[in-house]
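Subject: Structure for your review

Dear colleague,

Please find below the structure that I am handing over to you, followed by an account of what was found in it. I would be grateful if you could read the notes alongside the coordinates.

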Amino acid sequence: MSLSARPRLLQQPCLPRCQFLVPAVHKPSVRAFSSSPLLLNYLAPKGGESRKSRKGRCRVPTGGSTRGTTVVWGDYGLRMRDHDRRISAHQLRIAEETIRKRLRGMKFRLYMRIAANIGVYTSGNESRMGKGKGSFDRWTARVAVSKIIFEIQGDLHEQVVKDAFRLAGNKLPGLYEFVRKGDPPVMGLTKVGLNGITEEDLKRPRRKLPLEEVAASLPTASSAPAPAAA
């Protein structure tokens with residue numbers, strides 16, 4: 001057997017003594033996309049607006065309504081007590097951060113009873129009339145009078161919660177009051193159930209008409225015009 005036919009040994013490079021073989025670490029490949037939904041802003045509507053909203057006013061049913069004026073989920077609440085207005089999403093966020101900062105380290109759960117789902121559109125200063133409503137500026141919420149803004153639930157002292165809501169009310173436009181769970185509802189600015197006032201009394205006309213005037217105003221059969229002869 002010739003020397004050329006002998007199998008050759010693979011020559012491995014000699015490593016210096018100061019170097020060691022480090023096992024290769026396989027890093028997981030990072031995808032350029034993700035199937036999980038993006039983190040949306042809870043103060044902005046998910047679907048946006050199909051058309052630009054007008055300024056509008058807070059819609060209250062005819063005769064008044066007590067809906068949204070009592071604490072439902074929590075133990076304490078913050079209620080508006082002056083008049084209806086618009087509150088921006090930025091103001092709601094600042095008020096929420098103020099409450100959480102005051103109650104830092106405590107166990108509680110905060111509920112927001114309103115949603116900023118009305119868009120506000122503005123145009124530049126000193127611009128000519130026309131050409132639409134302008135571009136989008138911010139999201140706002142229409143809050144009627146005596147509506148609950150925040151509710152809180154947890155093992156908290158009442159004075160601590162009252163102080164947190166006081167700080168949050170200072171960050172929001174308008175006047176607010178502290179309410180507890182079980183307090184009477186409010187229709188307009190009147191609390192239902194106090195001093196014998198009921199919801200039916202508030203929906204009743206202010207001036208009570210006697211039965212004689214009501215009967216005289218109704219049309220009678222004799223006063224009705226006779227049908228024309230064919």
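Glu96 and Arg100 both belong to helix H1 (residues 89–102) and, being 4 residues apart, are separated by about one helical turn. Their side chains meet in a salt bridge, with an N to O distance of 3.1 Å. Glu96 counts as buried because its relative accessibility, 12%, is under the 20% cut-off. Arg100, at 38%, counts as partly exposed. Please bear in mind that this is a predicted model.

Asp163 forms a salt bridge with Arg102, and the closest N and O atoms are 2.7 Å apart. This pair links distant parts of the chain, since Asp163 is in helix H2 (residues 158–171) and Arg102 is in helix H1, 61 residues apart. Both partners are partly exposed: Asp163 has a relative accessibility of 22%, and Arg102 has a relative accessible area of 31%. Arg102 and Asp163 also belong, together with Arg166, to a network of salt bridges.

The other pair is Glu158 with Arg180, whose closest N and O atoms lie 2.6 Å apart in a salt bridge. Glu158 lies in helix H2 and Arg180 in strand S7 (residues 176–180), so this pair ties together parts that are 22 residues apart in sequence. Glu158 is partly exposed at 22% relative accessibility, as is Arg180 at 36%.

The packing of the two helices may also interest you. Two packed helices are described by the angle between their axes and the distance between the axes. The axes of H1 and H2 come within 8 Å and cross at roughly 150°. That angle is over 145 degrees, so H1 counts as roughly antiparallel to H2. The crossing of H1 and H2 is right-handed. On the H1 side, the contact is made by Ile94, Ala95, Thr98, Ile99 and Arg102; on the H2 side, by Val160, Asp163, Ala164, Phe165, Leu167, Ala168 and Lys171.

Tyr76 is found in strand S1 (residues 76–80) and counts as buried, with a relative accessibility of 15%. Leaving aside residues up to four places away in sequence, Tyr76 touches a set of residues including Val71, Phe150, Ile152, Leu156, Val161 and Phe178. Glu158 and Arg180 are also among the residues that Tyr76 touches, and these two form a salt bridge with each other. The C-alpha atoms of Tyr76 and Asp183 are separated by 9.9 Å, although the two residues are 107 residues apart along the chain.

Finally, two backbone angles should be noted. Most residues other than glycine have a negative phi. Glu126, however, has a positive phi near 55°; Glu126 lies in the loop between strand S4 (118–122) and strand S5 (135–143) and is exposed, with a relative accessible area of 85%. Ser146 likewise has a positive phi, of about 65°, although it is not a glycine. Ser146 is found in the loop between S5 and strand S6 (148–154), and is buried, with a relative accessible area of 4%.

Yours sincerely

Terms used: Residues numbered from 1 in each chain as written. Predicted model: local features only at pLDDT ≥ 70, side-chain atom pairs only at ≥ 80, totals over all residues. Heavy atoms only, no water. Salt bridge = Lys/Arg side-chain N within 4 Å of Asp/Glu carboxyl O. Helix = DSSP H or I, 4+ residues; strand = E, 2+ residues; numbered from the N terminus. Buried < 20%, exposed > 50% of the residue type's maximum accessible area, 1.4 Å probe, protein only. Axes fitted to C-alpha atoms, helices over the stretch in contact; angles between N-to-C directions. Parallel < 35°, antiparallel > 145°, perpendicular 65-115°, else oblique. Left-handed = near helix turned anticlockwise from the far one by under 90°. Contact = heavy atoms within 4.5 Å.
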